[in-house]
Amino acid sequence: MTGRSNKQSATVPSLVDGHADDTEHRNRWILAEQVKLVYARANRGFVISFLISAFLVAGLWDVVRHQWLLTWFGFMALVTLGRFILDRTFRRTTDPETDIRRWLALFSVGAGCAGVSWGLAGTLLFPTGFVFQQAFLAILLGGMVAGAAPYLSAVMSAYVAFLLPALLPPAVLLLFQGGNIYVFMGLMMLVFSGVMLTIGRAIHLAIKDSLTLRFENITLTEGLSDAQMEANRASAELAAEIQERKRAQADLFLEKELAKVTLKSIGDGVITTNMDSAVKYLNPVAEQLTGWLNAEAQGLPLQRVLKLVDESTEKEVPDPVRRCLEEKRSVRLSGHSMLVHRDGETEISVEVAISPIRDHDLHGIGAVLVLHEASEMHGMARRMTYQASHDALTGLVNRHEFELRLMQALKSARTEDRQHALCYLDLDQFKGVNDMCGHVAGDALLRQLAAELQRGVRESDTLARLGGDEFGVLLEGCPLDQAGNIADGLRQTVQNFRFAWADRVFEVGISIGVVPITGDSGSITEVLSMADSACYMAKNRGRDRVHVHEPDDKVMEQRFGEMQWVSRIAQAIQEDRIDLFGQQAMPLSAKAKRCGYSEVLIRMQDENGEHVPTTAFLPAAKRYNLMPIIDRWVMRKVCAFLCDVGVTTSNDLGMLAINLSGQSLSDERFLDFVVDQLHQNSISPENICFEITETAAIADLTHVKRFISVLKSMGCRFALDDFGSGLSSFAYLKNLQVDYLKIDGRFVRDSASDPVDYAMVKIMRQIGDVMDIQTIAKHVEHKRVLIKLKELGVDYAQGFEISEPVPLEECMAILPEKTMIS
């Protein structure tokens, strides 16, 4: 007996044993289980990380330069691929325990690289000037760190390696960004980092404690199995050794008592069965978990006493003892199981391990099950999952989760020919409550109204808060006419709702747009856009109403608005309500100082004499081919202006640059018109420069080259506008005899702080020097940019830092005051 016990202790050391080798074995086993745990959870993390990376790129697409977004996304994809390859390699390794610390180090390095990737997103992709996108980026980074805690905290070094580079650089950036709100956001991010480290450590310790208890259970279970074998062997020896019977019986009794005391004292539930899966014993913890007393359960089938349900499939787990005895080895149930209490109402999350019990001849005589309660750990994971998918204020589904469900609805509509509907809800008069009573009242209103709306939808529907005072409802399996009725019911619910606050009672309304979701629906963005447009139509038609979207609604509304602009533009030209403005460019070089440069712009007056933004009417003019009329009007007015001021030589006034559209350049009669205007007004062609875009030039390159050649022979100049905006800019430059390159403002605006933009401007200026073409930098809005352009040798600078557009007469009057900067 003593020799057997020593051999067992050497194989699976007891946790209460004080020897250093036993402790080292336990620590190695726990470490190996921790590493296996993080690798086992890695795949899902890779997929989530990659999807959120794509979501981040989409969210910042309009506010961050595409080159940076795509570069970062490529880097993130490489990091994810590397971690995926590491995970696959680990899974194929037959004996990872032999080199477990190396696998741990590699995983931590991969987590650190992922953290660096997200840290780069929070710094390099920081959308300066866009508060909403900044908050979106900060929340996304926080969500990533919070979401990583359950996956990485099994190995604390991996979680720390991910968290620190992911949050600290953005936090530092915010602290030094300037402004109280950024300092506050930076401090909150640092506090959040500390909180997540604390939570991560708590999860880490919980996992480590769980593994320690599991190690104890395995040790005790194997000890129990060996004890049972010893008892059976002792019984066999008793028949041959009558003289040893009393002593053997005493030894056996002591061992059984020790096993019972041990089973009663451990924190896990233990159940033993015979070969027919009939219950033989339940320890006190197993009695509490199952609701069965040991005396009641003895002899009953195991599946009557122990009801296990798979947590993911919600199906009953087959008899685990039968599998253990058939395979003649210890088994653990994969995933997590729910133990249904005897009362039929209580469910407890447990981890289940089963080992066979053998006699002295190594014949199976039963099995022992160990039930480890994991409700707390699973509850924490469920809470974090809930927080990631629900709005903190109202408790409704948040926008991210709503879009995921919308994606599934679109998929089912395409693959299963199902019909759904989407409602986009926007509160009316909500701003009045906020303005009069403050945001606390506004938040209370949203919470109460969310509860009212929830009662107005079906159990199968999804109600979400999309942001601010906007809500969304996904009606699955709902025809459009029924969706309209449900939407109208929600409208009436809001109409009947009264919000009381501080002795005041408020009434609010709601505008709702309804769109169908069918197999022909577009992407999520398109469906949401249609719903938003339908909601806008409801507001535009008087608010507090429902507008059901029809396929041509948006097109008809857009065309109706553009057709109105067609008549308004024609009437403005007829009534002479289009004004000429000018914006001067400052000479920066000696050769530029010899000739001034001013761009001619147009402003249209509405019926009340107010100027209309060009972005409002020019798209309609381009769409309905009105640009040739406008270009001819501008050419005629500019020539008349030069004639009136008596300009006869190029030294009198400098250069006036006129923008030409692609439609005019494609008009074969336009060249003759320009030549006639120059002759009729007897003005110097050297005072005229025509600005053309690359797109307009390449549309009819042969005709444009002739246009340039004829007018340049008369003395006119040409500028290639928005140079660098297209990939083919440099290729077509050799085919166009232009005098000026107007560098695209996207490169100029941040050239003083962005090294890439600075390099692009420098390259374009060098190309201009090589080809003897002067360069003009657009969108110069800061003094520091102006200084950088001077250092680079750019010839002209144009933008609000130099001068704002003013009426053409005023622009020409102040021309002599503009001098080259020192």
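**Salt bridges**

Asp 428 and Lys 539 are both buried. Keep in mind that you're looking at a predicted model. The points below start with charged pairs, then turn to helix packing, and end with one phenylalanine.

*Buried pairs*

- Asp 428 and Lys 539 form a salt bridge, and their closest N and O atoms sit 2.3 Å apart.
- Asp 428 belongs to strand β8 (residues 420-428) and Lys 539 to helix α19 (residues 524-540), so this pair ties together parts that are 111 residues apart in sequence.
- Another salt bridge joins the side chains of Arg 465 and Asp 391, at 3.4 Å from N to O.
- Arg 465 is in strand β9 (residues 462-467), while Asp 391 is in the loop between α14 (375-389) and α15 (399-415), so here the parts tied together are 74 residues apart in sequence.
- Both Arg 465 and Asp 391 are buried, too.

*The wider count*

- Searching the whole structure turns up 34 salt bridges.
- Some charged residues join up in a network of salt bridges: Glu 33, Lys 36, Arg 214 and Glu 351.

**Helix packing**

To describe two packed helices, you give the angle between their axes and the distance between those axes.

*α4 with α5*

- Helix α4 (residues 66-92) packs with helix α5 (residues 100-124) at an angle of about 165 degrees, and their axes are 10 Å apart.
- That angle is over 145 degrees, so α4 is roughly antiparallel to α5.
- The α4 and α5 crossing is left-handed.
- On the α4 side, the contact residues include Trp 68, Trp 72, Phe 75 and Arg 83; on the α5 side, they include Trp 103, Phe 107, Gly 110 and Trp 118.
- Sorted by class, the residues in the contact of α4 with α5 come out as 17 nonpolar, three polar and one charged.

*α5 with α7*

- α5 packs with helix α7 (residues 156-175) as well, at an angle of about 15 degrees and with the axes 7 Å apart.
- α5 and α7 are therefore roughly parallel to each other.
- Their crossing, α5 with α7, is right-handed.
- Among the α5 residues in this contact are Gly 112, Gly 115, Gly 119 and Gly 122, and among those from α7 are Pro 165, Pro 169 and Pro 170.
- The contact of α5 with α7 has 14 nonpolar and seven polar residues, with no charged ones.

**A look at Phe 506**

- Where does Phe 506 sit? You'll find Phe 506 in strand β12 (residues 504-507).
- Phe 506 is buried, with a relative accessible area of 9%.
- Val 433 is 73 residues from Phe 506 in sequence, yet their C-alpha atoms are 7.5 Å apart in space.
- Setting aside neighbours within four places in sequence, Phe 506 is in contact with Val 433, Met 436, Cys 437, Phe 497, Arg 498, Phe 499 and Trp 501.

Terms used: Residues are numbered from 1 along each chain as its sequence is written. This is a predicted model: local features need pLDDT of at least 70, side-chain atom pairs count only at pLDDT 80 or more; totals for chains, interfaces and linings use all residues. Side-chain values use heavy atoms; hydrogens and water are left out. Axes are lines fitted to C-alpha atoms, for helices over the stretch in contact, and angles run from 0 to 180 degrees between N-to-C directions. Helices (H or I, at least four residues) and strands (E, at least two) are DSSP runs, numbered from the N terminus. Angles under 35 degrees count as roughly parallel, over 145 as roughly antiparallel, 65 to 115 as roughly perpendicular and the rest as oblique. A crossing is left-handed if the near helix is turned anticlockwise from the far one by less than a right angle, and right-handed if clockwise. Contact means heavy atoms within 4.5 Å. Ala, Val, Leu, Ile, Met, Phe, Trp, Tyr, Cys and Pro count as nonpolar, Asp, Glu, Lys and Arg as charged, and the others, Gly among them, as polar. A salt bridge is a side-chain nitrogen of Lys or Arg within 4 Å of a carboxyl oxygen of Asp or Glu. Buried means under 20% relative accessible area, exposed over 50%, partly exposed in between (1.4 Å probe, protein chains only).
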